[in-house]
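Reader: I'd like to go through the labels on this model and hear what each one rests on. Can we take them one at a time?

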Amino acid sequence: MMSRIRTISLLVVLTVLAASCERMSVGPEIAGELHRGRAYAAALEQRTRSTPAESVSAVAAISLGYLERQRLGLGSPFRLIDYLTRDARLPDSTRRAVAWAILARTLDGDGVQVSALALDSLASPAARTAANDGAMHLRLIDHAVRETHDPRAGELAVRLAYMVEAAEHNLRADAPRVAADVAAVLRDRQLAQADARDLLRAGWRNDTDPLAMISVWRETHRFRVERPVMERLDRDAQLEAMELVPKLTENLRELATRVDSAGGGAGPLPAAPDSSTLAFGAAERLAGLARISGMPPEAPVVVQLERYRHELLDGQLDTWRRNARARFVRHSRDEESFAAEHAIVEEQAPGTTPARSALATAVALRAYAQERPWLPGDGGPTASDLADRFGIRSVTFDADVPDGWKPYYRAMLATALEDMERVLPALDLDGLRIHFGESPMGSAALALHDPKRRTIYLPVATSAGTIAHELAHDIDWQAALSRYAVRGDYATDRAVRDAHGGAIAASMRGLTAASRLSAAVRGRGQVVSSRPTEVFARNVDWFVASALAREGRMDGYLSSAQDDFLTGYALGTPPDAAGHSVPALVSILDAVAPPAPLVREWFVTRYGPGRAVTPYDLVRRVLDAPLDSAGASLVDLVAPVLRARDAALAAVAGGRCRSGALEDARTTRARRDLVVLAASARAAGIMRVRGTVLAIDEARRWLAVAPYSAAEPFVLAGGLAASGQVALAERAIALDSVSETIPAPTDPRCEVRDAGRGAPGA
């Protein structure tokens, strides 16, 4: 009894101390609002915990829906508050209370909760690791993001470490994507926490209501969590990420060993299910309200759930659980309905796939970070306004599109076209038709440009984020008309087919050759067309998204691409790691739709062959090197990895010597170690896939590629076990590279290497 009293007393003291610290940081008035917000949310959750759906009020359900959207990470908390404070379904007092609750949870760093279930079963099928190891992965990723000085550095380190381990086949091919999604959400949580701190302190200093400041800060892009994801890290953050990668890969290998040795792969007990803000009754009530709210569907929600449909509706599920998940897919159309339906499916049919689909949806919604709120009843431009402003011939809708949605979609189109013109001022849309509705291909296409009718079909549920891609097709269509005097075709397709296609054909062939999707994207199992016009459109999508990011702008209506790894559901294609695709793309754009000169120059400098190489570029060069598996010997298979390693090391040396971008020895060493780590992992992965035994002759040939020291004993007894192959691969890949010296800026080798080199990348 006394122990319990002491514990309660300690908690009271800690609470008082925390409140005192908060008041000292932001003043007593704001501290009081935060305290009341926390209390309101806790009481609301408790009150509805065991209440049947019919007894939950609409105000309570909608309020809890906003809190649940925050818990799932569905958009930045400031965007969420911007929507909340305009939601006419809630009284003013409730809107303020819930907004302060969201701010308080953001400030406390516990607003977003990632389910450990999403990280279960990431081990390679060949590994004897427990399936329920998600809690360990979550702790590892969370620690990396929290403990780095810049959470974006932790996010990068997680991506690279999981890519390396997947290349070695210690993890499944899709593990890097899942880990990257988790790191993205946790990184945003850290940035939002810092943003909330800055907002509240600014409100205190200026004696201004922080809630009133949010829309202004969003308009001026002051929130770091709402800045473009592809903004490049500074050198210190890159160094921190690179030095963390070997530690993380070691942790991942130890994790597998620890789980495997804990009783033949038994592993830890499953983590307790995450507690949803929405109890079942409140979730059912909110689901009913969402269906009549009048909100249009959101593509990041619809597209991501459709991508997970097959896994969600696994044929091995019993009928009850399968029906519950089918409802989840069918009724989740926007953020509010998603939050409600996800809470229901967590109750009725929980599992790894629902958790991963929620995570993927949260990450996809990051592209909407700078979206202006639109709620039913809000207006938008008319079709005539769009015709006058952009020259569009018509904007039409399917008959079943509600009239209340049409202003939203016309506003979406206007925003996308304005941003497209920022990047490509020569954009000419005269005569183009836009139709919001199903395309002739039905659900097989997220959106469609029909060259016969010169019409872009934008299905209302899936087209946001694809508009840049479809406008690229129209640019291609116009080039076919002006250059070949043909309608209904694309210049890139025609140029490649034509034996005398000229400069466009040559550039297009170069673009196609250089635009292979990265291993990270290929690991998602998406079918990607190699047709010239599709390659061109995917590259333009990336060009537009990156050019907007240069201005601090993201437009999730125009492009769903976020960065080199998170390329969006339209699969915007980033430049290859060596930058060879950039001159080809720019050459084509110069011919068909010249970009703004400053944008063109920036893009070539930032992404072209002479650019400053990032840690992600270095790993991509090694892991994406194509292999020739047709009848190749083991040495033939590994040879491209060695060449890619050497090319990456040359890029490291070039970066060390490049004028104006001198690196210290520590940074250069970290870059070289990262290359060697990636090359060793890929070689080991090749050996694992190839088999468990190396013939003696094959082993001797392999030794000839990178021979051991003569003093190193090596025993051949009819072959090598798989573990021996892996060790041999790692040592052979690393041996000659580690011994190389790092050129100093005054080294004569730098003078030779720098001769004729252009300006360094930005």
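Reader: What makes you call helix H26 mostly covered?

Author: This is a predicted model, and in it H26 spans residues 615–623. A residue is called buried when its relative accessible area is under 20%. In H26, nine of nine residues are buried. They are Pro615, Tyr616, Asp617, Leu618, Val619, Arg620, Arg621, Val622 and Leu623.

Reader: Why are H7 and H26 called roughly parallel?

Author: Helix H7 (residues 151–167) packs with H26 at an angle of about 10°, and their axes are 11 Å apart. Angles under 35 degrees count as roughly parallel, so that is the label for H7 and H26.

Reader: Which residues meet there, and how do they divide by class?

Author: From H7 you have Leu156, Leu160, Met163, Val164 and Ala167, and they meet Pro615, Tyr616, Val619 and Leu623 of H26. By class, the contact of H7 with H26 has nine nonpolar residues, no polar and no charged.

Reader: Why are H5 and H8 called oblique?

Author: The axes of H5 (residues 92–108) and H8 (residues 175–206) cross at roughly 120° and come within 7 Å. Roughly perpendicular covers 65 to 115 degrees, roughly antiparallel starts over 145, and the rest, once roughly parallel is also set aside, is oblique. With roughly 120° between them, H5 and H8 are therefore oblique to each other. Their crossing is left-handed.

Reader: What makes up the contact of H5 and H8?

Author: H5 brings Trp100, Leu103, Thr106, Leu107 and Asp108, while H8 brings Ala192, Gln193, Ala196, Arg197, Leu199 and Leu200. Sorted by class, that contact has seven nonpolar, two polar and two charged residues.

Reader: How do you know that alanine 279 is buried?

Author: Its relative accessibility is 5%, and the cut-off for buried is under 20%, so alanine 279 counts as buried. Alanine 279 is placed in the loop between helix H10 (235–261) and helix H11 (280–291). Leaving aside neighbours within four places in sequence, alanine 279 is in contact with Thr48 and Arg49. There's also a C-alpha separation of 8.4 Å between alanine 279 and isoleucine 344, which are 65 residues apart along the chain.

Reader: Why does histidine 342 get the label buried?

Author: Same test: under 20% is buried, and histidine 342 has a relative accessible area of 2%, so histidine 342 is buried. Histidine 342 is in helix H15 (residues 335–348). Again setting aside neighbours within four places, histidine 342 touches Arg71, Leu72, Phe328, Pro354 and Ala358.

Notes. Residues are numbered from 1 along each chain as its sequence is written. This is a predicted model: local features need pLDDT of at least 70, side-chain atom pairs count only at pLDDT 80 or more; totals for chains, interfaces and linings use all residues. Side-chain values use heavy atoms; hydrogens and water are left out. Buried means under 20% relative accessible area, exposed over 50%, partly exposed in between (1.4 Å probe, protein chains only). Helices (H or I, at least four residues) and strands (E, at least two) are DSSP runs, numbered from the N terminus. Axes are lines fitted to C-alpha atoms, for helices over the stretch in contact, and angles run from 0 to 180 degrees between N-to-C directions. A crossing is left-handed if the near helix is turned anticlockwise from the far one by less than a right angle, and right-handed if clockwise. Contact means heavy atoms within 4.5 Å. Ala, Val, Leu, Ile, Met, Phe, Trp, Tyr, Cys and Pro count as nonpolar, Asp, Glu, Lys and Arg as charged, and the others, Gly among them, as polar.
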